[in-house]
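Thanks for taking a look at this one with me. Please open the sequence and the structure side by side before reading on.

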Amino acid sequence: MTLPPANLQSPSGAPAAAPLDLRRLAWTTALGILGLMTILGLLAWLFREPLEALGRQFVAVLGGPGVALGFFIPDAFTVPLPNDAFSMFGLIGGMPYWTVVFWGTVGSLLGGTTGFFIGRLLQRTVWFQQLLARRGSEIHGLVRRYGPWAIAAAALTPLPYSIACWTAGAMDMRFSVFIAVSLLRVVRVAGYLWLIQAGFFTLGA
């Protein structure tokens, strides 16, 4: 199953993106979820006490803003930082579930917005175009082809959300459309945190 194209204008000479294969994306997401829960269960079984101590220290020092920062940096600057580790430490450190979801979503939306305006500001620079070609050509092509549908897919799945945000800004997508679709990040943050909770506190019990 594939999504219909959004019929957006692409830059002259830009290569056409391959269709977005929803079935393959669903399988990739499901395997990632299975792997996450397995790893968390093993970590909880082997290292529960030190991880809980580290979580309590994380909450005492950084609290909710620390969770937000853990989402802001990778979503704004496409840094390979495991944002779910920050929400995990917030949760196992004693923060309520929905408090962690709130801070993670705020950080992600602020990061995505920053990435959006980075793309808009740097869209015509050679450096930025080369960076997209090297690190995000696939998602760049998908956003060109599918517009908000690709942003939604990146907000919910393992597709690189930060690159999607950069591309949306570089394409001059309307910010109101971008931020409305990006609100789906709350589903991503809450869903993965629920998996962390189930993997760490249930499978690892």
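The points below go from the overall build to the cores and then to one helix pair.

1. A word on the basis first: this is a predicted model, where local features need pLDDT of at least 70 and side-chain atom pairs count only at pLDDT 80 or more, while totals for chains, interfaces and linings use all residues. Residues are numbered from 1 along each chain as its sequence is written, and side-chain values use heavy atoms, with hydrogens and water left out.

2. The chain has 10 helices and zero strands (DSSP runs, H or I of at least four residues for helices, E of at least two for strands, numbered from the N terminus). Of its 205 residues, 47% are buried, meaning under 20% relative accessible area with a 1.4 Å probe, protein chains only.

3. Look next for the largest nonpolar core, which has 26 residues (buried Ala, Val, Leu, Ile, Met, Phe, Trp, Tyr and Cys joined through side-chain atoms within 4.5 Å). Ile139, Val143, Ile151, Trp166, Met173 and Phe178 touch the most other members. The largest share, seven residues, comes from α8. Apart from this core lies another, of 19 residues, including Leu40 and Val189.

4. Finally, α4 and α8 pack at about 45°, their axes 6 Å apart (lines fitted to C-alpha atoms over the stretch in contact, with angles from 0 to 180 degrees between N-to-C directions).

Terms used. Buried < 20%, exposed > 50% of the residue type's maximum accessible area, 1.4 Å probe, protein only.
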